Amino acid sequence: MSQIEHDVLVIGAGIAGAAITQVLLQQGQTVRVLDAGLKPASGTSAHAFALAHPGLIRARPLLQRLTYIAFALAKKTWQPFWREEGIFQPLKPGTEFNESLLNEQLVSAGFDQDSAQPINASKAQHLTGVSRDGIWFPQGATINLEKTCTTIFGQQDSLAYEANTIVASISYDGVDWWALDQKGLPLAKAKSVVLACAHGAKELAAGLQITLPLKPVRGQLNQFQISATSSWLKYLPTAAISGEGYCLPASYDENTKMYTLVVGSTYDENETSLATWPRSDEYNRQQAASLLNYVAGNLAELNIANSFVGVRCVANDRLPIIGAVPSMPGLYIATALGSRGVLWSALAAAIISELVQVREVAHLQGRPSTGNHASAAALVRLARLGLSADLVAAISPARFLVGALPPALASNSKPILPLGSKAK
Ligand SMILES: Cc1cc2nc3c(=O)[nH]c(=O)nc-3n(C[C@H](O)[C@H](O)[C@H](O)COP(=O)(O)OP(=O)(O)OC[C@H]3O[C@@H](n4cnc5c(N)ncnc54)[C@H](O)[C@@H]3O)c2cc1C
């Protein structure tokens, strides 16, 4: 084990670990990152085409509020990697285009004219190449997750990044957290530990008698090649489209004289296969036809050039799991980022870095860090980011532990019983 002691130990070098590490380093903390993969972003973050947009989510107001805040944080957190080109969210098929109603809904969700604009099908055709009614988000962006992680873990001074290192368990000795290998030998220790290891967090938490209700959801993206004589040409998007699925703007390759269209993705619950599936290829062809409003298009003209398959980590309530574990001082979790890795990683970084700082200050002042004072202090700081107590509670790991939310973090919502227990 290295003699150098770090302030914080981060387990996982995907986009969650990258966001948290970056903000902790900016705060002046020293960070040690352990990851099972041979290089950064070897899990689900091995993904070059992630979309980030705030979206209008009418059915889930809490998710809408979280998404809105996380988008603003992501824009800041991922600035050097952010390719802001706008994203178009078409309305669900069969939904009537009512501009004033949409404007009302956008305003009540916090958007202004500069950040979201309802556009009808003919305007959308002009702006995005796709003839569907919907909402244009000019600040929507794409990010290459893999490149982002590689850059963050490759360049920093106060950072020790160790690849090819599986953490089999973690334990707390009352002062420090220890990461242990399969033989129970120490790999590293620090005052704080962050489980930013997607599904790996389930096993590490289970070792501490914490049940995280995580499930795998496989997703496949396809890169289709389309010939310059195809009838699809008239329908190809000039902007990213995100609705029932998503696609990136089509690009043209001078050498091959072909167009490329990236379309995804499937949502295969409880599947972990990383193999490319023919039925997913077919699903994505259909998805292209419906996203681009060309259902009569010949699907055989969408030739597969490449695919990306990843396994998302999703909690049973489909919200991310971000925050401190009550009664375990210095233990933080950032997992279940689902299909919103760009947004939730930035949110995780903002929350966990604040919690780490509050704990440090409490420690310096000789106060216990798990008490109400600490959680109240953290809430004051998070409120500055727009994160009210109900939002923090909704994504806290404590929601899966009966009676675990400290009073300051308890929301007015119904308690959530741990997995396996039966509510009466
Ligand atoms: C097809 C598809 C399309 C997607 N599109 C988008 C999109 O457009 N926009 C968007 O925002 N998100 C998208 N996502 C989601 C996004 O990719 C994920 O949310 C994100 O990559 C998850 O990041 P993570 O850091 O939590 O997990 P990962 O990237 O999986 O990283 C976890 C890391 O932990 C390590 N690890 C695990 N266990 C251990 C252990 N015990 N010891 C040491 N290391 C360990 C692993 O090696 C891995 O590197 C998509 C996902 C898929 C599958």
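Two residues are taken to be in contact if their C-beta atoms, placed from the backbone, lie within 7 Å. On this basis, in the predicted model described here, 8 residues of domain 1 are in contact with 5 residues of domain 2. The side of domain 1 that touches domain 2 comprises, by class, 3 nonpolar and 5 polar residues, with no charged residues. Domain 1 is made up of the segments 6-45, 146-213 and 318-409, whereas domain 2 spans residues 216-313. The C-alpha centres of the two domains, domain 1 and domain 2, lie 34 Å apart.

As to the overall fold, the protein has 10 helices and 21 strands, and its C-alpha atoms fill a box of roughly 70 × 45 × 45 Å when taken along the principal axes. The radius of gyration of the protein is 22 Å, which agrees with the value near 22 Å that a compact globule of 424 residues would have. Of these 424 residues, 46% count as buried. Among the contacts between residues at least 6 apart in sequence, 70% join residues that are at least 24 apart.

The ligand is surrounded by 42 residues, and the closest of them are Gly 14, Gly 43, Gly 200, Gly 310 and Gly 341. Two or more residues of this shell are given by each of helix H1 (15-26), strand S3 (50-52), strand S13 (214-227), strand S19 (303-315) and helix H8 (341-364). By class, the shell around the ligand contains 20 nonpolar, 19 polar and 3 charged residues. Because domain 1 and domain 2 both give residues to this shell, the ligand lies between them.

Strand S21, which covers residues 331-335, is mostly covered, with 5 of its 5 residues buried. Strand S20 (residues 321-324), by contrast, pairs with S21 in the antiparallel sense over 4 bridges, and Ala 324 stands opposite Tyr 332 in S21. The hairpin of S20 and S21 has 6 residues between the strands, and in this hairpin Ser 327 takes a positive phi near 70°.

A further set of pairings is found in an open sheet of 3 strands, which has the order S3-S8-S4 and antiparallel pairing. The edge strands of this sheet are S3 and strand S4 (83-84), each of which pairs on one side only. S4 and strand S8 (residues 141-143) are paired in the antiparallel sense over 2 bridges, with Arg 83 standing opposite Thr 142 in S8. Strand S3 also belongs to the elements that give two or more residues to the shell around the ligand.

Most residues other than glycine have a negative phi, and most peptide bonds are trans. In Ala 198, a residue other than glycine, phi is positive, with a value near 45°. Ala 198 is found in the loop between S12 and helix H6 (200-206), and this residue counts as buried because 26 C-beta neighbours lie inside 10 Å, where 20 or more are required. Gln 209, which is likewise not a glycine, has a positive phi of about 65° and is found in the loop between H6 and S13. Whereas Ala 198 is buried, Gln 209 is exposed, since 7 other C-beta atoms lie within 10 Å of this residue and the class of exposed residues takes in those with 12 or fewer. Finally, the peptide bond from Gly 264 to Ser 265 is cis, with omega near -20°, and Ser 265 has its place in the loop between strand S17 (258-264) and strand S18 (268-269).

Note on methods
Residues are numbered from 1 along each chain as its sequence is written. This is a predicted model: local features need pLDDT of at least 70, side-chain atom pairs count only at pLDDT 80 or more; totals for chains, interfaces and linings use all residues. A residue is near a molecule or strand if its C-beta atom, placed from the backbone, lies within 6 Å of it. Ala, Val, Leu, Ile, Met, Phe, Trp, Tyr, Cys and Pro count as nonpolar, Asp, Glu, Lys and Arg as charged, and the others, Gly among them, as polar. Domain bounds come from an automatic or database domain assignment. Two strands pair if DSSP finds at least two bridges between them. The radius of gyration is taken over C-alpha atoms; the globule rule is 2.2 Å times the number of residues to the power 0.38.
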